[in-house]
Amino acid sequence: MATTLDVAGSAEAREKLDIHLRETIKWHFSEETGCNFWLNWKKEAGWDPVAEVKTFDDINKFPHFQDEWLRDVTNDEWVPKKFKGKPFKIFETGGTTGIPKQRIAWEDHLHDYSEFSDTLEDEYFPKGGNWLMVGPTGPRRLRLAIEHLANVRGGSCYFVDMDPRFVKKLISEGHYDMANKYKQHVVDQALAILKNRPISSLFTTPKILEAMGERCDIARYGIKGCFCGGTSMTPQLLRFLQEEVLGPNGKLVPTYGNTLMGLACSEDNLVESGYNVIYHAPQPRAVLRIVNPDKTEDLVEYGEWGRVELTTLTKEIFVPRFLERDEALRCEPTERWPWDGVGGVRPFGASKTKIVEGVY
Amino acid sequence: MIRIPTLRLGEEYQSLDVTEVKDCRTGEVLAEVSTVNGGIVRRDLTFQIQKGREALKKFTVQQLMDISKKAADIFMNGTVPCGDTMQSAEDYVKTLSKTSGLPHNMCRANMAKVFEVMDDMSTILKGLTRSLDLSVLDKGCIVQDGVGISYTCEADSLGVVLPSNSPGVNSLWIPALILKVPVVLKPGREEPWTPLRLIQCLIAAGCPKEAFGYYPTDHDGADSILNYCGKGIVFGDKSTTDRYKNNLNIEKHGPGYSKIIIGEDKIDDWPELLDELVASVSKNSGRSCINTSGIVVPRHGEAIAKAISERLAEIVPSSVDDEKARLSAFANPAMANWIDSTIEDGLKEPGAIDYAREARGSARKQEFEGATYVLPSVIYCDSFEHPLANREFMCPYVGISEVPQDQMLEKIGPSLVLSVFSDNEEFIGSMFDFRDAGRLNLNLPTTYVSWDQPHEGNLFEFLYTRKAIQVVR
């Protein structure tokens, strides 16, 4: 088992995580507060997580969370008893064909983005300025999250939708021209808003940002900061987006996140780090580990590649040991985020096979 | 190790992404090639490319032909920058051999082919333009034989996605520069050397650096080169070229399926044609799209197969510096494995015999001095419909089948080069109406190329269209 590096604050962070873990376990596995899914799971598992899970090392007692559960189990089964009767939001992921995977939520996404807002510089993401989100809206958490981010910073958010399910379908059926037309259709709409409304901050995906940059000088439309995510980004892609698409007066803030985790943050040192971004999960609400793909209970050593494993620990949802479809380098804790980081995130298996990811 | 940058319209750019190019025999990393994302390609082709054409338009065609001639000499004899080092002609041959698998003599043969084009550009352009007075491209319009003539350039640039296996094909894009069209090149993954050396030679000879894009990139970038340059040329297998089959702005150079057919009047004298048959199949290690991959005859198919097999049995792996080497290694052993297994699978289908197997007395795929080779295959098929009768592989390979003369043209399908051995005027006459041949070689091997006879598309007609012009006199 790989060891964990201690830095200033890591002991406190670890203790905070363990306390939060025990509280979360107690919440989800108690008859008064837990949801049907986990309470039934406990009966079948034959062990009591409340009694046996004391520290985060004990998380390995759980099997990997299966993402099919989010498709096959009805949403009501995930409602903690304490939230019964309180309408929930439904966020979807994937779903190119058939029923998509869904998670329910009440306020988790608001916490993540309020916290994330504190990491943004006012110079590039001005308080009171409006945002434009160009990306997957519809049933996605991201749509509400970005609007909340704009709102907590005192602005409003405009939206242009991009349906990744349709794009995936076009690409898989070989309709490359149509996929490109659709991208241009999205960009057309984004540029129309940029030209006619006062916007200072942007959220979009790397592909759309690139495409917008081919059609205009984004900085000239008043965009100072761009928060970018949705697919993995190599250092070279980040460099290109910062240096050439946004230019020297703009600021690119890359992100790593998803519907289950929320949002991982990174140091404000994109250029200085040589565009090697290291993300830190919003611990203790979510924990990212880099595990040995062949023995997933073990962490890899620092600086080694492994599969990204997510554990989400909120009152709204408990997701133990979910294996993401990404691989990454295990990175050391920092003073700001005194727990492991993940670097060089890329699709799992990217080093062995060519993975076409360019949907966004 | 050499660090090779991207050239963004002449300006060097070092990407954070690099691709290693290795010696196919030792695995030693010979170069780290700066590899850019598609976004960079699209951005340059959207905002910068006009600079290249403007720079070229400052020269006359004659001046550019002179530059080409000078560059040809530098290419053959000079030392030019290659990334962060300097490269002599001899360095080029040795390095190209290490990464492509080609023996030195074949590297030099490819080099000579490129030299010939650069050195004798006026002949090439005469063939491409059918002797047009090229000052029309300097002046905009001219009067030739009493007729007003003007041409419009259809593209800001010519994008070329190059292969890894055939340095000689670089000769195809050079005339574009003389026609004042900048080139945007994506080198093959294992062959960054030839296009870069040519660019550096042309710059050294006086060509403006803005006229060159050299973008090692991924599929997205390659696709952007083809779609964002006004005109594109792609080299690749059928699946690659099929992707662009409906795009008339992209010229597709896929498998050639070049063939030889022998007429009734000459078939009984086939031993006299053996030298031509062997050369057509095996020259340049059978790697070119102009190599014969199919021979169709009215009779004597098995005897021809046996005779060619015996001659090709002489072709075996040899040291890279053997001046008599006739077989190239594979830079990517997986390709050799695929070829060998595909042929073996085909032979399981009844009706085909590999006569070369018996003649060589050893395995088709062999290792020699750390590299992988595929030795010649000569497959006699009892019908043209057999899966091995009309295949093409990047090695000496030929399928031989018997088809009555009067059915040949309806059966043989497309051929990049069709060599016809016959003196029968009626039979020859039927060839001129045959649409599925890019080049017709009459009583010549398929590998015989005369540069004033462009095949597989005419670059001038691809880049320029005639414009009607009327002037007040």
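**Reading salt bridges and a domain interface**

Guide: E323(B) and R108(B) form a salt bridge, with their closest N and O atoms 3.3 Å apart. The term denotes a side-chain nitrogen of Lys or Arg within 4 Å of a carboxyl oxygen of Asp or Glu. This is a predicted model, in which local features need pLDDT of at least 70 and side-chain atom pairs count only at pLDDT 80 or more, while totals for chains, interfaces and linings use all residues. Residues are numbered from 1 along each chain as its sequence is written, chains are lettered from A and ligands numbered from 1 in the order in which they are written, and side-chain values use heavy atoms, with hydrogens and water left out.

Visitor: Into which domains is chain B divided?

Guide: Domain bounds come from an automatic or database domain assignment. In chain B, domain 1 covers 2–254 + 456–467 and domain 2 covers 258–442. Contact means heavy atoms within 4.5 Å; 17 residues from domain 1 of chain B and 22 residues from domain 2 of chain B take part.

Visitor: How many salt bridges does the rule find across the interface of domain 1 of chain B and domain 2 of chain B?

Guide: Across that interface of chain B the rule finds 1 salt bridge.

Visitor: Which residue forms a salt bridge with R8(B)?

Guide: Side chains of opposite charge can pair when their charged atoms come close. Here the partner of R8(B) is D44(B), the closest N and O atoms being 2.8 Å apart. R8(B) belongs to strand β2 (residues 6–8) of chain B and D44(B) to helix α1 (residues 38–47) of chain B, 36 residues apart. Helices (H or I, at least four residues) and strands (E, at least two) are DSSP runs, numbered from the N terminus.

Visitor: Are R8(B) and D44(B) buried or exposed?

Guide: Buried means under 20% relative accessible area, exposed over 50%, and partly exposed in between (1.4 Å probe, protein chains only). Both R8(B) and D44(B) are buried.

Visitor: Which parts does the pair of D220(B) and R42(B) tie together?

Guide: The side chains of D220(B) and R42(B) meet in a salt bridge at 3.1 Å, N to O. D220(B) lies in helix α10 (residues 219–228) of chain B and R42(B) in helix α1 of chain B, so the pair ties together parts 178 residues apart in sequence. D220(B) counts as partly exposed at 27% relative accessibility, and R42(B) counts as buried at 4%.
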